[in-house]
Amino acid sequence: MSIQTSKDHNSLPKNVADVVGRPQGLLIGDEERPAERDAEFDTFDPSSGSIINAVAHAQRADVDTAVRLSREALEGEWSLVAPSERGRMLYKLADLIEANLDLFAYMESLNNGSPLATTRDVLLPGVISHLRHFAGWADKLKGAIIDTGIPDMSVQVEREPVGVVAAIVPWNFPLTLAVWKVAPALAAGCTVILKPAEQTPLTALHLGRLALEAGIPPGVLQVLPGFGKTTGASLVSHPGVDKVAFTGSVEVGQTIAREATETMKRVSLELGGKSPSIIMADADPEVAAANAATGSFFNSGQVCSASSRLLIQSDIFDEVISGVIDTAQRLKVGPAIDSDTAMGPLVSPEQRSRVDGYVKKGIEEGASILTGGEAANGPGFFYPPTVVTGAPSDSPMVQEEIFGPVVVAQPFQSIEDLAREANNTPFGLAAGIFTSNPRNAHRLSRAIRAGTVWVNCYGATHPAVPFGGFKMSGTGRDGGEESIDQYLETKSIWTNYS
């Protein structure tokens, strides 16, 4: 696989270079500051493997300070802000991101390897839309009056913010997934401490800066970069944190769920997936192949809902697979900030080794590599789009989340046991169905245990639509009214007027 050399950071637009080159401190209260004991870590450009900058690494003392300021804001200035004004601030934050769209796009692509065109034209518009959607929710949260029939007794049901939220987000869509949690939490009246992944802290920090510029009071949105075992663990165990909203791996999600029980924190977990695309013989092969390729290779396959399993009816198996292979071989793989790159690198050398390990293990188990399957030489953490067949159904390749540009294709003859096969992993995040038969689409979409089912399309999202999973894919939802409910508590107030 041929990879273009990454551009030098000196070639970045001046406004981008100025922001990524400035000191990257913790955003606590209304200031950026060094971490306790000046603790730092380096953040990297995965297209070249070079260091972008050093970033402050939040310690337990920093978490203590941030939680205290979050609590003071929650019970003080933020509690006095009218819901409509909260919404206005979120609209202003969306406007500021829109005004700085190219800056955010370059920063995101530089730091996590997602192609610039994808970040600028797909992800950033989604971020802005999400903020505006939940800005509109801020003054529409309702309570109720319950008629119990008891004389001289009134019952009022109120919704109030759950409190201080620790939002812990991953590196695959750093700004998108941060806003998926920050927007509904702030609309509900919570305060948020955002911990970005240690690989991708840059856009989260700039989000916090712009939140202050938008008029959101100090302490309402704070940003603490750091590692999971230090900063993340301190937030999860802190008695002053009321809720943890997490997106990431199953293993870390399980740890958070266990530790949160010590203080009975509210927890929402959006975890992994091993999502199937079911392609029937009556589907349009070109449409199915195009969606399968996009669903598998978008963001280098580093997507929790990636279409990483293809179940293709035997009649059209060869035709669909040929289309997927053709797309994989035509994708331009290169540095993320090159405007014509279609697929960038994986986020880190560790992630590339993980992906390569799954492929090598699959070959040992008898799988065949139809294209790709070899890590690239040279700078950066690149791995080619890879199509695999012949992996056994119980293979880790089929059962586990690889989180890279690897898709495993399996033929099927009859639709009788198709739902059982589609459900035959520990996950239940998403699925795709491609068919021209509405009855099959309806029956399968009901039978598949997944939080999202796309029919004759794949990967669509919208702020008004809930997203999350069944089984080991987690609990709770991002997006939709279900999302904002996760940041609210329900209180019943009984009043005796006799």
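**Salt bridges and burial**

Tutor: The side chains of Arg 309 and Glu 421 form a salt bridge, 4.0 Å from N to O. This is a predicted model in which local features need pLDDT of at least 70 and side-chain atom pairs count only at pLDDT 80 or more, while totals for chains, interfaces and linings use all residues. Residues are numbered from 1 along each chain as its sequence is written, and side-chain values use heavy atoms, with hydrogens and water left out.

Student: What makes Arg 309 buried or exposed?

Tutor: Buried means under 20% relative accessible area, exposed over 50%, and partly exposed in between (1.4 Å probe, protein chains only). Arg 309 has 0%, so this residue is buried. Glu 421 has 23% and is therefore partly exposed.

Student: Why is Gln 486 called buried?

Tutor: Its relative accessibility is 16%, so Gln 486 counts as buried. Gln 486 is found in the loop between helix 16 (480-485) and strand 22 (488-496).

Student: What is the N to O value for the salt bridge of Arg 266 and Glu 489?

Tutor: That value is 3.1 Å. Arg 266, at 40%, counts as partly exposed, and Glu 489, at 25%, is also partly exposed.

How values were computed:
Helices (H or I, at least four residues) and strands (E, at least two) are DSSP runs, numbered from the N terminus.
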